[in-house]
Amino acid sequence: MCGIAGIVGKALSDTNAAAIRPMLQALARRGPDDEGVARWPSAVLAQRRLAVLDVSSAGHQPMLSDDGTVGLVF
């Protein structure tokens with residue numbers, strides 16, 4: 001089982017964006033194999049991963065577009 005977290009707002013300050021760290025720590029038991037965070041001016045997406053079927057780095061999230069402007073966690 002994996003876990004996702006995120007914050008979305010008009011403009012995130014560093015303090016608001018830092019709130020993602022405790023969220024990820026709370027999800028650590030759900031995804032002990034990998035962790036990823038991506039930040040934009042108005043959003044932060046984070047994910048903890050439990051690698052069961054695909055243990056390669058191809059499953060690392062958030063998955064980003066080539067230019068980094070679009071991100072996805074699932």
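The legends below describe views of a predicted model of one protein chain. Residues are numbered from 1 along each chain as its sequence is written, and side-chain values use heavy atoms, with hydrogens and water left out. Local features need pLDDT of at least 70 and side-chain atom pairs count only at pLDDT 80 or more, whereas totals for chains, interfaces and linings use all residues.

**View 1. Overall fold of the protein chain.** The chain contains 2 helices and 5 strands (DSSP runs, H or I of at least four residues for helices and E of at least two for strands, numbered from the N terminus). Along the sequence these follow the pattern β-α-α-β-β-β-β. The C-alpha atoms fill a box of roughly 35 × 30 × 15 Å along the principal axes.

**View 2. The largest nonpolar core.** This core has 9 residues: Ala5, Ile7, Leu12, Ala17, Ile20, Leu24, Leu27, Val44 and Ala46. A nonpolar core is a set of buried Ala, Val, Leu, Ile, Met, Phe, Trp, Tyr and Cys residues joined through side-chain atoms within 4.5 Å; buried denotes under 20% relative accessible area with a 1.4 Å probe, protein chains only. Strand S1 (3–8), helix H2 (20–26) and strand S3 (43–49) each supply at least two of its residues. Apart from this core lies another of 5 residues, among them Ala38, Ala43, Leu45 and Val73.

**View 3. Surroundings of Ala46.** Neighbours within four places in sequence are left aside here. Ala46 is in contact (heavy atoms within 4.5 Å) with Gly3, Ile4, Ala5, Ile20, Leu24, Gly36, Val37 and Val73.

Notes
Buried means under 20% relative accessible area, exposed over 50%, partly exposed in between (1.4 Å probe, protein chains only).
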